[in-house]
Amino acid sequence: MANFAFLENLMTDTFISDKHVWDEILKLTAEIYSERDLNIRLEFRKKRVRKFFDFILERYQPLVEESQRRGLPREWCINPLDMLQDKLGANLDRAARSALRLHPEGDFEGLNHRNLSGVVSKYDPSKKFAFIALEEESQDGYVSHRVIERTDESLLQEGKRVVCSVIDGDRGNPEVINIGAYVE
């Protein structure tokens, strides 16, 4: 979240000379302030940060090219922002996963949010974690203490059939973000 917040703050202090980029950032900002749904608002914020990052990345490239033309040392001839693109994407996905854990009714691009049924395979109330054997998944879905705290304990009995909202967790493993009663 720190990189995400830093870029949002940096954006407010940066002169954006490209009118098209500036207009898009203003449009996204207006959408952020007019949107009531927190998850959708975060999607707009992610798009705005990505737009700003791409603008800065593009503006840095002429410096790299000039450094290469002049034969400057290697550290001057690379764009450090190129190396940070993947980290930014991971950081934005982490922010979205965090928001979905708190507001599971939403949806985010790139997190593979899906609804599945499954059976509670393990529940440890003292340690506040559970696993659910999910249909159509090779691995059990992990249920964190936050999800357990807002779930009716009768749904967490081992062997109980449930429906779940699932996303890809930080390491790609299924993560259950909401649990409901299974209705046949």
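This is a predicted model: local features need pLDDT of at least 70, side-chain atom pairs count only at pLDDT 80 or more; totals for chains, interfaces and linings use all residues.

Apart from its neighbours within four places in sequence, Gly169 is in contact with Arg97 and Glu175.

- Gly169 belongs to the loop between β4 and β5.
- Gly169 counts as buried because its relative accessibility is 9%, and the cut-off for buried is under 20%.
- Between the C-alpha atoms of Gly169 and Gly71 the distance is 44 Å, and the two residues are 98 apart in sequence.

**The barrel**
- Five strands close into a barrel, in the order β1-β2-β3-β5-β4, with mixed pairing.
- From one strand to the next, the twist averages 50°.
- Strands β2 (residues 129–134) and β3 (residues 141–143) run antiparallel and are joined by three bridges.
- Opposite Phe131 stands Tyr142 in β3.

**Helix α4**
- Helix α4 (residues 80–102) lies across β4 (161–168) and β5 (174–181), and runs at about 15° to β5.
- The 23 residues of α4 reach 34 Å from the first C-alpha to the last, close to the 33 Å expected at 1.5 Å a residue.
- At Asp86, α4 bends by about 30°.
- The N-terminal end of α4 is capped by Asn79, which has a side-chain oxygen 3.0 Å from the backbone nitrogen of Leu81.
- Buried residues in α4 include Leu81, Leu88, Leu92 and Arg97; Arg97 is also one of the residues in contact with Gly169.

Terms used
Residues are numbered from 1 along each chain as its sequence is written. Side-chain values use heavy atoms; hydrogens and water are left out. Two strands pair if DSSP finds at least two bridges between them. Helices (H or I, at least four residues) and strands (E, at least two) are DSSP runs, numbered from the N terminus. Axes are lines fitted to C-alpha atoms, for helices over the stretch in contact, and angles run from 0 to 180 degrees between N-to-C directions. Contact means heavy atoms within 4.5 Å. Buried means under 20% relative accessible area, exposed over 50%, partly exposed in between (1.4 Å probe, protein chains only). The expected span of a helix is 1.5 Å times one less than its number of residues. The bend at a residue is the angle between axes fitted to the seven residues ending there and the seven starting there. A polar contact is a pair of N or O atoms within 3.5 Å; within protein, one must be able to donate a hydrogen and the other to accept it, and residues adjacent in sequence count only if both atoms are side-chain atoms.
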